[in-house]
Amino acid sequence: MNDSRLPYMLCVITGKGPQKKFYHDLIAGKEFDHVDFCLPWLEAEDYPLLLGSADLGVCLHKSSSGFDLPMKVVDMFGCGLPVCAIEFNCLNELVKNGQNGLIFQTASDLSNQIQRLAREIGRAV
């Protein structure tokens, strides 16, 4: 994203799963314009506080069985966040694309969605 019209963004990537180091190293090897990252582990009581201060939620959860829904999206909906979620078999039972969230398939899709929402959020401030 090299667009000076976009606001500064702090991306907070939560969790302690097996891919945390992979994403940490991937992010460390790249340069971003007006974007910073942090990858904390949050205690359960801190997670709603983080969501309550966020402007946008991104869900990268993909069901291994194809049948379980990402409860993080429900948490994000509960805080009134716009949500971008990666597509998988039953996600449309929870996220209605263009109605209560956006569904993406590729990194390019997600980038476009984040940029669009960032511009909308920036206008609302």
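Colleague: How much accessible surface does the protein have, and what percentage belongs to carbon and sulfur atoms?

Modeller: Accessible areas come from the Shrake-Rupley method with a 1.4 Å probe, and for residues only the protein chains shown count as cover. Here the surface comes to about 8300 Å², with 54% belonging to carbon and sulfur atoms. This is a predicted model, in which local features need pLDDT of at least 70, side-chain atom pairs count only at pLDDT 80 or more, and totals for chains, interfaces and linings use all residues. Residues are numbered from 1 along each chain as its sequence is written, and side-chain values use heavy atoms, leaving out hydrogens and water.

Colleague: Which elements does the protein contain, and in what order do they run?

Modeller: Helices (H or I, at least four residues) and strands (E, at least two) are DSSP runs, numbered from the N terminus. This protein has 4 helices and 5 strands, in the order β-α-β-α-β-α-β-β-α.

Colleague: Is Gln113 buried or exposed?

Modeller: Buried means under 20% relative accessible area, exposed over 50%, and partly exposed in between (1.4 Å probe, protein chains only). Gln113 has 10% relative accessibility and therefore counts as buried. Buried residues make up 29% of the 125 residues.

Colleague: Where does Gln113 lie, and which residues does Gln113 touch?

Modeller: Gln113 belongs to helix α4, residues 107-124. A contact means heavy atoms within 4.5 Å. Leaving aside residues up to four places away in sequence, Gln113 touches Cys84, Leu102, Ile103 and Phe104.
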